[in-house]
Structures are given as C-alpha cells and as structure tokens.
Amino acid sequence: MTDVPFPISREAVLRRREDPSLIGHGAHGPRDIVPGAGHGETGPASKRVIVGYGFWIFLLSDIVMFSCFFAAYAVLQGATAGGPSARDIVDLPRVGIETGALLLSSFTCGLSFAATNVRNKLWTQVFLALTALLGLVFVGLELQEFIELAARGATPQRSAFLSAFYTLVGCHGLHVSIGGLWLATMMAQLQVKGFRHEIVHRLICFNLFWHALDIVWVGVFSMVYLMGAAA
Amino acid sequence: MFGKLDWSAIPITQPIPMITSVVIILVILGVLGLVAAKGWWPYLWREWITSVDHKRIGVMYGLLGVVMLIRGFADAIMMRTQQAAAIGGAQGYLEPEHYNQIFSAHGTIMIFFAAMPLVIAFMNFLVPLQLGVRDVAFPTLNSVSFWLTASGALLVNISLFVGEFARTGWLPYPPLSEGTYSPGVGVDYYLWAVQISGIGTLMTGINFVTTVLKMRCPGMSYLRMPMFTWTALASSLLIVAVFPILTATLAMLTLDRYFGFHFFTNDAGGAPMMFMNLIWAWGHPEVYILVLPAFGIFSEIFSTFSGKPLFGYRSMVAATLFICIVAMMTWLHHFFTMGAGAAVNTAFGISTSIIAVGTGVKIYNWIFTMYGGRVRMTVPMLWSMGFIFTFVIGGMTGVLLAVPPADFLTHNSMFLVAHFHNVIVGGVVFALFAGLEFWFPKAFGFRLHEGWGKAAFWFAFIGFWVTFTPLYILGLQGMTRRLQHVNIEEWRPMLLLSVVGVAILVVGAICQVIQLVVSILQRDRLRDTTGDPWDGRSLEWATPSPAPFFNFAVMPNVEGEEAYWGIKQRAIETQQLAPEPKYEAIEMPVNSPVGVYTAFFASVTGFALIWHIWWLAALALIGAYAGFVVFAWREVHEFEVPAEEVARVDRARRAAREAALARMAQAEGTAS
C-alpha cells in the first residue's frame with residue numbers, strides 16, 4: 001500500500017503491528033520506524049489500529065453523553081418534590097451484587113481476549129458466554145430494582161430526581177443490554193467464521209465497549225448509590 | 001392501529017402547505033418517473049446510492065444541502081414578506097400557528113439540513129484528497145452517516161404534508177416544548193429528525209478524526225497538512241465532543257414528552273433552564289463546527305489566488321485549535337438574561353470576547369496572504385473578500401452582544417437576528433459558494449461560468465446587506481424577533497427595505513441556477529484538462545479532474561509544506577515529470593447498501609415514534625438489527641483494481657500534465 005521502505009522483514013513488521021502491547025509505541029525514533037502505526041511520517045495505519053482508534057473515539061463520545069445524564073442527576077438530585085430521596089431508594093446489598101457481577105464480567109471478558117490472542121476458539125467462547133451470563137445477572141437485578149421501586153410508587157413520573165435517577169441508571173442498563181445483544185451476535189459470528197481479521201477487530205471493539213461500561217458503572221455506583229446512601 | 005395518525009393529519013384546509021406538498025410530490029414523482037423511463041436505476045443504485053467513495057458521498061451531501069437550502073430560503077422569503085404585510089391593521093397572509101412553524105422550520109432546516117450537510121460535503125470530498133490517501137477510515141460508515149442525515153431531512157419534509165412542524169423555534173425551549181403546551185406532533189417531528197441526523201453527524205465526526213489522525217500519506221506530518229484539513233479536524237473534534245450532548249438533551253426532552261418525566265417541566269422539581277444550558281453547550285460549539293471548515297476553505301482560496309503560501313500557517317493552526325477549545329466555554333452568553341449573577345455573566349462575557357482574538361488572527365493572516373501577492377480576482381476570490389468585509393462587521397456586533405449589560409437590551413431582538421445571519425451567511429454560506437466555485441472542476445471536470453458567478457456574488461452581497469442592515473436598525477429600535485404581527489407603524493420603511501433586499505437575494509439565487517445551467521451547456525469550453533485549473537498548491541490538484549475513484553495511482557510521498565506546489569515547481573524547473581512509478585494493484589472497499597437500508601429503517605422508526613405507532617417502531621428496529629447482522633456476515637470487503645487499470649488512468653494524467661508543461665514552456669519562449 002505504501003512505498004515506504006521496510007527496514008525489517010515483513011513478518012517482523014506484521015508481528016509487531018498485531019501485538020497489542022506494542023501498538024502505539026516505538027515509532028518515534030528514526031531507527032525504529034513502524035510502518036502502519038499511523039503516526040507522523042509513516043503512512044496510513046493498519047486496519048487494526050484504525051478500527052481500534054475509531055472505536056476509542058466513539059467511546060469518548062459515549063462518555064460525553066453519559067456525563068450529561070450525570071450532570072442532570074447532580075442538578076436534580078435534591079428536586080424530590082416531596083417524594084422519596086436517594087436515601088430512601090438505595091438498596092446497597094442488591095447493588096453490591098450487581099456491581100460484583102459486572103466487574104467480574106469485565107474480568108471474564110478480559111480472559112476471553114487472552115484466549116483470542118492465542119486463537120483458542122473454545123475458551124474464547126466459554127469466557128464470552130460467562131460474560132454474557134454475568135451481564136444478564138446485572139440487568140436482571142437492575143430490572144428487579146426498578147420494578148420494586150415502581151411498585152412502591154417511586155416511578156420516574158413522581159419527581160425530577162427520580163426522572164434523572166431512572167434515566168442515568170437505565171441508560172447504563174440499556175448499554176449493557178445492547179452490549180449483550182452484540183455479544184451474542186459476536187459469538188455466533190466467531191463460531192461460523194473463526195478468527196478472521198475483521199472478527200478479531202470486532203472482538204477488540206467489544207472488549208473496549210464492555211470495559212468502558214464498567215468505568216461508567218463505577219461512576220454510577222459511587223455517585224448514585226454510595227453518595228445516595230450516605231446522604 | 002396507527003397511533004395518533006388519521007386523515008385529519010393532512011392539512012387540507014391550509015392552502016400553502018397543501019399546494020407546496022402537491023408540487024413537491026409531483027416533482028419527486030416526475031424525477032422518479034424520468035429515472036425509471038431512462039433506465040437509470042441500476043446506474044444510480046450501483047454508482048451513487050450504494051457508493052462508499054468519499055467523493056460521491058460528498059457530492060450527495062452537497063446535493064441534499066442545496067435542496068434544503070432552497071427550502072429554508074423559501075421559508076425566509078415567507079417570514080420577511082409576512083412581517084412587511086402585517087403592520088398595524090393588516091394581518092398578512094400567514095396565521096400565527098403557521099408562521100411559528102415557518103420560523104422554526106427555517107432555523108432547523110438551515111442549520112441541521114443545509115449548512116451541516118454542505119460543510120460535511122466539503123470535508124468528505126476534500127480531506128482524503130488533501131491527505132493523499134484513497135478513502136476515509138470507515139468508508140461504509142460514511143455512507144451510513146449520509147443516509148441517516150438524509151433520513152432526518154426526509155422526516156422534516158414529511159411534516160409539511162402529514163401533521164405539523166414544531167412551533168417552538170429552532171431549539172425547542174421548554175416548558176413551551178413540553179407535552180402540556182405543545183401536545184401536537186410538531187416537536188416530535190423535530191426531536192426524531194434531529195436525533196437521527198445527529199447520530200449520522202456524530203459518526204462523521206468519529207470517521208474524520210480517525211482519518212486525519214491515523215490515515216495520512218507518507219511524509220504528511222501534522223504541520224504539513226493543508227489548512228482545510230486542519231479545520232476539518234478541529235470541526236470533527238468538536239462534533240465528537242458536543243453532539244453527544246445534543247443526543248442526551250433531546251433524549252431527556254423526549255422522555256418528558258413521551259413518558260411524563262420531569263427533567264424540564266415546571267412542576268415536580270423540573271428545571272427548564274437546565275435545557276438551555278445543555279442545549280447551548282452543544283449549540284455554541286455547533287456554530288464553530290460550521291464556521292471552522294469555512295475558514296479552511298477561505299484559507300485555501302486566499303493562498304491559491306494570491307500565488308503565495310498562506311501567511312502565518314502555524315499561527316492559523318494555533319488559532320483554529322484555540323477556537324476549538326474556547327468554543328466550549330462560551331455557551332452561557334446565549335442567555336445572560338437567565339440571571340446567573342454578575343460574576344458568571346462576566347466570566348462568559350470575557351470568554352466570548354476572547355474567542356474573537358483567534359478569529360482576528362485569522363483575518364489578519366488572510367489579509368497578509370494577499371499583501372504582496374499577485375491577486376487574481378476570480379469568483380472564489382470575490383466571495384472570500386466579500387466574506388472578510390461581512391464577517392468582520394458580524395464579528396464586531398457579536399463582541400457588542402458579548403457585553404452582558406448591552407446584551408440585556410438586545411437579547412432576542414432583531415439585532416441578534418441580524419448578527420447571527422451576518423456571521424453565518426457572511427461566514428459559512430459565502431464560504432460554501434466560494435468553495436463550490438473552487439472545487440467544482442475537481443468534482444465534475446469543468447469550471448463554472450465566470451460571468452454568471454460574478455453576477456451571483458454581487459447580487460448576494462448587496463442583497464445580504466440590504467436585507468439585514470434594516471434588521472440591525474429595527475433591533476436597536478426595540479423590535480423583538482419572531483413577530484407574526486407588527487404593531488408599530490414607524491417600522492414599516494425598514495421592513496419594506498428588508499423585503500427589497502430579499503428580492504435582490506432571489507435574483508442572486510437565480511444567477512446561481514443560470515450559472516450552473518450555462519456551465520453544463522458550455523462544459524466543453526470550460527473543461528479542465530490538466531486537473532489543476534487554478535494553479536493549486538495542495539494534493540487534490542495532483543489528481544485528474546474528475547479524480548479517479550482510487551484518487552492516487554501511487555500514494556504520494558510528501559517532502560514539505562504545500563505538497564503539490566513542491567512537486568509542480570520541480571517539474572517546471574526540470575521541464576519533466578518525476579519518472580513513471582511502478583504501478584501496483586490497489587485494494588478498494590466494495591459498495592454497500594447498508595447505509596440506505598439503515599436510513600430506511602431509521603425513517604420508519606422515526607415516523608412510527610412520532611405518531612405513537614409502537615408495533616411499527618419495534619418492527620423497524622428489528623429490521624435494522626437484521627440488516628446489520630447481514631452486513632456483518634458479508635464475505636467480501638474489498639476488490640482489487642488491477643495494475644494495468646491504475647497505469648492506464650495515471651498515464652493519461654501524466655500525458656495531460658506533460659502537455660501542460662510543454663504549453664507553459666512554449667508560452668515562456670514566445671514571451672521572452
């Protein structure tokens with residue numbers, strides 16, 4: 001694709017390009033030009049770098065969207081209109097199990113990618129299935145929480161605070177659910193097509209997505225549940 | 001079964017939307033019939049609708065933008081004439097309900113469906129060419145982005161015929177836009193149209209950030225990128241940073257309207273002013289998303305037609321990024337009257353004034369680029385010089401509005417209306433026309449007619465000032481915006497003068513149409529044979545006109561600023577082109593219908609949600625998901641262009657360049 005001279009053997013370059021721990025490093029010295037890393041003067045990056053990079057940018061934009069819901073929650077936290085406040089609706093034991101399930105699912109997700117890296121289909125699938133299962137536990141518990149709250153009259157229509165609460169927590173839950181749908185689709189694809197380039201690229205993106213949801217949940221857990229219980 | 005939708009949604013009793021709709025439907029049917037009769041469908045489907053070529057997508061964005069620009073202009077004509085016809089005892093020809101829809105549609109269409117698509121059209125067409133690469137980072141996603149934007153535009157236009165549009169202004173301020181006060185489907189049309197096209201825009205932003213940061217040809221380091229590409233990068237960064245805010249804000253309003261949430265309501269603790277803060281945290285950067293690429297277009301034009309490198313290139317880059325960041329720190333000046341207190345208002349007043357410094361740097365750079373250059377007064381150059389004059393005045397009225405005490409007097413007045421038209425028309429629209437004239441040969445292979453272009457410029461320039469100077473004066477006299485009826489008799493002369501200005505603008509628009517028709521008829525005389533009609537300086541001029549779908553036969557190796565200028569000067573000095581490279585086969589992405597499928601399901605989902613047809617919305621979402629899975633399952637991602645084909649195209653280009661070189665040498669021989 002480029003007519004940049006290859007200083008080292010093509011295989012070495014490819015190995016280097018595909019090694020996740022080296023991506024983004026080592027292209028700054030004149031002795032160590034990595035064609036395909038995409039910085040500076042070496043020509044376009046490899047497909048893998050481009051896909052991963054683009055997905056990072058998408059995740060940043062998604063986090064900006066979450067930050068709006070966080071901001072709205074912060075503004076409306078006290079606007080309970082005489083209804084229940086954060087302290088009244090937080091059930092820490094349940095949300096503790098939820099958090100445990102989600103964090104554990106990130107761990108199994110990481111293990112699935114370790115299996116992907118050595119191209120082991122069976123273990124990749126096993127860990128992806130575990131990830132899906134833990135995600136399901138998380139979403140199930142969240143739904144249970146919502147249903148119980150609604151039964152007590154704490155619906156999103158009750159006050160601005162509850163609107164912001166349901167939207168922030170629900171938006172994260174929606175992300176996890178859509179992630180689960182994606183995960184199921186990826187498992188089917190992997191089973192049928194094996195570790196083709198584009199499948200591995202998508203698995204990278206899925207991993208990034210799942211970990212980003214964890215980071216957002218840490219924010220939700222701290223700001224909504226821990227601070228709510230302490231208020 | 002059909003939610004809120006029934007026959008009463010069709011506005012049979014209102015002649016203006018009915019006649020317009022019937023005419024539009026007849027035109028669309030006529031075009032479709034012509035296409036079918038001529039057997040163009042396979043060609044259109046293969047070469048355009050499913051195309052993932054960034055240049056084709058750019059042209060389609062441009063077409064969409066121009067059509068919507070005409071629609072928005074029609075709304076503007078109705079607003080100006082209604083105000084002039086409804087002074088004192090007269091009531092004009094538009095009902096208040098209808099007039100409110102028109103000013104809301106005008107703003108929404110002009111920003112979201114005219115200016116944005118046109119700006120993104122230039123980004124699409126130019127960025128890969130200027131970077132010396134063959135496509136954007138995600139070509140298929142690019143097609144999805146375009147079709148989602150088109151889907152939003154479609155929904156806005158459907159509102160003309162089925163139901164109604166919002167009456168709440170181009171930003172639907174609550175509590176007016178809440179279900180209590182706007183129970184109709186107008187605001188819902190707004191919400192879903194903007195939401196769907198906003199997702200398309202976000203995807204474009206992600207695509208272009210990745211393209212510019214990760215896909216440059218060898219040697220194209222950051223400080224060798226052309227100015228337009230820099231501004232496209234800054235604009236894309238802003239899109240990624242602020243469009244999610246728009247998505248979130250409109251989602252909150254949607255939840256309020258559909259499910260009785262209380263984000264922005266008056267009761268149950270809702271906070272209407274939170275909407276203003278959120279929407280302007282998107283809205284103010286949005287104007288820089290539009291105007292930064294416009295600055296990039298002007299930079300390319302000033303430098304090319306002055307025969308000089310851009311003056312202060314590095315300060316221009318710095319000023320662009322400065323504006324990019326400070327753009328996100330000024331939003332509160334849109335509502336100084338909220339009553340945030342003196343300290344907050346002062347802080348935002350200062351940040352607003354400071355952003356003018358970055359723009360000032362740019363203005364001086366453009367003037368110094370012309371200074372000492374051999375300036376050619378072509379049509380793009382006329383628009384650019386008209387821009388400097390217009391934009392400086394618009395900028396200065398903006399600095400005036402940035403002073404909170406002064407703003408309290410002019411808030412929501414016609415002065416404000418004149419100000420933002422002054423910067424958006426004078427900045428963005430002038431840039432779009434200048435850029436159209438400048439890059440038209442690169443897209444279609446022939447230049448536009450010079451004489452009609454000059455006529456269009458002068459009518460537009462004079463028409464603009466005759467339209468908006470009276471509005472400045474009326475604003476200072478106390479006239480507020482969005483008036484369907486005017487009580488004060490003394491304002492009549494200025495309102496009439498403004499209508500005269502609109503008439504001049506209409507003549508300018510007709511000149512543009514004639515220019516296009518004349519140019520197409522005379523295309524053989526206006527043909528650009530070399531691919532470099534203006535003596536250009538950046539890499540897009542190294543390709544033939546129109547550029548082949550793979551852009552570059554061999555990826556260029558950039559060795560300095562102004563990549564193409566260096567190559568060209570070397571060729572002129574040595575009297576020969578660089579030796580013929582070794583041609584290799586090229587991999588290009590295959591076309592994909594996934595964009596148009598996605599947009600189809602998005603349109604159906606949007607329409608179903610607007611009319612509360614829940615089963616249809618669910619069905620369309622399932623269809624969209626199925627479409628994605630089918631797309632993800634495809635086996636073939638790229639096709640190979642054989643080396644012989646690449647060689648054939650590039651040898652033709654080289655022959656044209658060699659002939660041009662010989663002509664140049666001969667001309668110099670006779671001169672000396």
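## Chain A at a glance

Helices (H or I, at least four residues) and strands (E, at least two) are DSSP runs, numbered from the N terminus. By that rule, chain A reads α-α-α-α-α-α-α along the sequence. It holds 7 helices and 0 strands.

This is a predicted model: local features need pLDDT of at least 70, side-chain atom pairs count only at pLDDT 80 or more, and totals for chains, interfaces and linings use all residues. Residues are numbered from 1 along each chain as its sequence is written, while chains are lettered from A and ligands numbered from 1 in the order in which they are written.

Chain A has 231 residues, and 35% of them count as buried. A residue is buried if 20 or more other C-beta atoms, placed from the backbone, lie within 10 Å of its own; it is exposed if 12 or fewer do, and partly exposed in between. Contacts join residues whose C-beta atoms, placed from the backbone, lie within 7 Å. In chain A, 73% of the contacts with a separation of 6 or more link residues 24 or more positions apart.

## Helices α2 and α6 of chain A

The axes of α2(A) and α6(A) (residues 160–193) come within 9 Å and cross at roughly 155 degrees. Axes are lines fitted to C-alpha atoms, for helices over the stretch in contact, and angles run from 0 to 180 degrees between N-to-C directions. The pair is therefore roughly antiparallel. That label covers angles over 145 degrees; under 35 is roughly parallel, 65 to 115 roughly perpendicular, and the rest oblique. The crossing of α2(A) and α6(A) is left-handed, meaning that the near helix is turned anticlockwise from the far one by less than a right angle; clockwise would be right-handed.

On the α2(A) side, the meeting residues include A:Phe66, A:Phe69 and A:Tyr73. On the α6(A) side, they include A:Phe161, A:Phe165 and A:Cys171. This contact has 12 nonpolar residues, 1 polar and no charged. Ala, Val, Leu, Ile, Met, Phe, Trp, Tyr, Cys and Pro count as nonpolar, Asp, Glu, Lys and Arg as charged, and the others, Gly among them, as polar.

A:Tyr73 sits in α2(A), which spans residues 47–76. A:Tyr73 is buried because 21 other C-beta atoms lie within 10 Å. Leaving out residues up to four places away in sequence, it touches A:Ala164, A:Phe165, A:Leu168 and A:Val224.

## Where the chains meet

The contact takes 40 residues from chain B and 39 residues from chain A. On the chain B side, α6 (186–214), α7 (227–259), α8 (272–306) and α18 (614–632) each give two or more residues. The largest share, 10 residues, comes from α7(B). By class, the chain B side has 27 nonpolar, 11 polar and 2 charged residues.

## Inside chain B

Helix α5(B) (residues 139–161) packs against α6(B) at an angle of about 160 degrees, with axes 8 Å apart. The two are therefore roughly antiparallel. Their crossing is left-handed. Their contact has 14 nonpolar residues, 11 polar and no charged.

Helix α13(B) covers residues 414–444 and bends by about 45 degrees at B:Phe438. The bend is the angle between axes fitted to the seven residues ending there and the seven starting there. A proline, B:Pro441, follows within four residues. Of the 31 residues in α13(B), 27 are buried. Just after this helix, B:Gly445 takes a positive phi of about 90 degrees.

Conventions. Contact = placed C-beta atoms within 7 Å.
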